[in-house]
Amino acid sequence: MLTAIIAAVIAALVVIAVVIAVLVVRANNAAPKAGSGKKVAQLDTVGVGSSPFEKQSGAKSALAGEVHVPTDAAAAKKPSDSLSSRFVGLGVFSAGIFAALATRLWGMQVMSSAQYASDAEENLYATVSTPAPRGCVYDATGVALVTNRASQTVLADPDVIDDNDVVRRLSAVLGLPANIVRKRISDTTAGAQSQRVVADDVRLRDVAFISEHADAFPGVSVESRTVREYPFGALCAHALGYTGAPTEDLLETSVDGRTIKATDTVGLSGIEAYYDNVLSGDHGQRKVMVDAEGNVEDVVSETQPSKGSDVHLTINAAAQYVADSLLASTIAPAGDIGTGSGVAGSVVAMDVRDGSVMVMASYPTFDPANFTGGISQDIWDLYTTEESHSPLTNRSVAGQYAAASTYKAFTSMAGLHHGFATKTSTWACGGSWDGFGSGDVQKCWLLTGHGTLDLRGGIVHSCDVVFYEIAKAFYDHGPNGTGELSETALQDYLAKYNFGKTTGVDLDGELAGRIPTPEWKAEQWRNVPSEAVWRGGDYTNMIIGQGDVLVTPLQMACAYGGIATGKIMRPHLLKEVRNAQDDAVVKASAEVVSEPDVNEDHLAYVRDALRGVITDNAGSARVFNEQGLEAAGKSGTAEHTDRPDDAWFAAYAPYDDPHFVATCIIEQGGGGSDTAGPIVAAVLGALMRAEAGEAGEVKRVAGSTGKSVAVAFTGGTGRTD
């Protein structure tokens, strides 16, 4: 700016000098020569005196003589005298210019010097952010589930792209095509002056070569950066989640005061995403000197990045390993889905006392390490095929299923509450039922019938006919009957256990399930009025957990926790957050979502029936006894018309002093007691042993192969409960 002003002053001086010179030359050229004034006067006088019109125009001729004929006095004036007034004006004008320029120069040098110095400083230096290591993730006992490992990263200054020799050398050493090297160096998403990542996870011998031949690689450096590592592979993968490069939306927003850079690694799912602001560290800063073209000339100062806080989860790694390995061995014992029982599944286990999620397993699963540094197209394609059965879906919170007979613990409570069932009520099951007299016969799962049963027997043996009768009572006392009850009396009772709502777990992507109502059905079938009518069959389907009922495994675990303790707890995965000094800065606390207003006698009656499900059925008794458990629970088999049945089991233990609850679903797995029951028993057993101080084994879990074989379906039902 100062240079520009000086140039302007010089230019103004030159212009003024030129103007003066021109005026002087013009004045000299216009001035008469010596003696010429007198001759002109004489000539003009003679001309006027000899005019024939002298008498008529004497006055006019005299006037003409005054205008055209200079006197000797006028002719004697110097040329400079006629320019004096012009020089005065020009001087004033010049003085004005110099005054304006001087004022501006004084303002810049004195009044605004600090501002211009600051602007010059900003133009000379640039600040570049460097990525920070993320915090680690541990289980409840301190087992590291997610850590960081060193990755040798080759970086290049932006101007390296102009040096073809260096580009070719990098291409040869790193084994990358030259055009890829150029593309990466020209990538400005991290900032114009930021060093560009040419390659990461570089072999040590390549790093050594570049370091030893630094003169051949000007502008190239090697840094040890951190990337995510998962010591146990796919263990707890869906709860932990995965990381990757930030999306465009994240780059355009500031989250809780945190600015996300293109070079950052961010959580994209699971705990990695939900607690991303906790796990992410503070950027390092490199202050660099740049030239006029923006090229880095020197590094002035550098502040190292600081690691993010560590997250400790409520997950028990040993019990999680039991769940993950059993899901895999049940569904894909030979590696491919369909070589065992079912095609997919989930296991959830919680501490009923405080809502801590101890186990969250989903199958098929994936290895989060595949996302480190960006997932390859081949693996992404593998994960997104129909054959792979959606390994990226966390079925524990986003899998919605018919509840099947696990619902009967809650619908039986509703029947007791409204007086449609009592401790002394009995029903006769002949294997089929047509209580509405419509000719639309509904079957019990035991086609030969259960005979005469009370409500406890109906729960223990999962008799559908007993529950059909209770459902009919709801219909008969509703708007289509006596009108004593609303048409949503059954649904309202189920809502006490938070069905149809999200649980509030600290994970994204949770679904709410569904309690079907007449209003929902009318909206769902609004374009088919004949199907939009709420009928008695809707009650009989809903009361056994079929029809349009949908629940998630986590919802079912919370609800059974409510049966066990009388309280619905908010599930949570976070135990605590620890800073760099290993101080606990955040600790999770137990939160009671609700305490269902239910009759304690009814609750005790149903608990006893759930205990009988395990003690009175030989298969269930055996698997729970093998784990040394006194448990209570319920099996279920969700029927489908187009595929094999889903297997359910939910249980809590110990029965008389509940600590843990677990649920399991195996899609297309058949009977709940046979397929899901043993997994629930094993997980509860692992948790009880862990609480007793036994250290269970934790091994690496493999991600699913993404391949499957067709599961045979003959159209029959596999229900045994």
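## Cavities

A cavity is a set of points, on a 1 Å grid over the protein atoms alone, where a 1.4 Å probe fits but cannot get out. Grid points are joined across faces, edges and corners, and a volume is the space filled by probe spheres set on the points. Rolling a probe the size of a water molecule over the atoms shows where empty space is left. By this rule there are 4 cavities of 30 Å³ or more. The second largest cavity holds about 60 Å³.

Lining residues have an atom within 4 Å of a point. For the second largest cavity they are Tyr497, Asn498, Lys501, Thr502, Thr503, Gln555, Cys558, Ile568, Met569, Pro571 and Val593. The lining splits into 6 nonpolar, 4 polar and 1 charged residues. Here Ala, Val, Leu, Ile, Met, Phe, Trp, Tyr, Cys and Pro count as nonpolar, Asp, Glu, Lys and Arg as charged, and the others, Gly among them, as polar. Helix H23 (553-565) and strand E19 (568-569) each give at least two residues to this lining. Helices (H or I, at least four residues) and strands (E, at least two) are DSSP runs, numbered from the N terminus.

## Model and chain

This is a predicted model: local features need pLDDT of at least 70, side-chain atom pairs count only at pLDDT 80 or more, and totals for chains, interfaces and linings use all residues. Residues are numbered from 1 along each chain as its sequence is written, and side-chain values use heavy atoms, with hydrogens and water left out.

The mean pLDDT of the chain (the predictor's confidence in each residue, from 0 to 100) is 85, and 78% of its residues reach 70 or more. Residues 33-69 have pLDDT below 50; beyond near neighbours in sequence, this stretch has 7 contacts in the model. A contact means heavy atoms within 4.5 Å.

The chain has 27 helices and 25 strands. Of its 721 residues, 45% are buried. Buried means under 20% relative accessible area, exposed over 50%, partly exposed in between (1.4 Å probe, protein chains only). Take the contacts between residues at least 6 apart in sequence: 72% join residues at least 24 apart.

## Threonine 153

Threonine 153 sits in strand E3 (residues 144-156). It counts as buried because its relative accessibility is 3%. A polar atom of its side chain lies 3.2 Å from the backbone oxygen of serine 151.

Leaving aside residues up to four places away in sequence, threonine 153 touches Val197, Ala199, Asp200, Ser221, Val222, Glu223 and Arg225.

## Backbone exceptions

Most residues other than glycine have a negative phi, and most peptide bonds are trans. Proline 364 lies in the loop between strand E14 (357-363) and helix H15 (377-383). The loop between strand E24 (646-653) and strand E25 (660-667) holds proline 654.

Asparagine 498 is not a glycine, yet has a positive phi of about 65 degrees. Its loop runs between helix H20 (489-495) and helix H21 (518-524). Asparagine 498 is buried, since its relative accessible area is 17%. This residue also belongs to the lining of the second largest cavity. Aspartate 582 has a positive phi too, near 65 degrees. It lies in the loop between strand E20 (574-578) and strand E21 (584-587). At 47% relative accessibility, aspartate 582 is partly exposed.

Note on methods
Polar contact = N/O pair within 3.5 Å; in protein donor to acceptor, adjacent residues only side chain to side chain. 1 Å grid on protein atoms, 1.4 Å probe; cavity = no way out; pocket = protein on both sides within 12 Å on 5 of 7 lines; lining within 4 Å.
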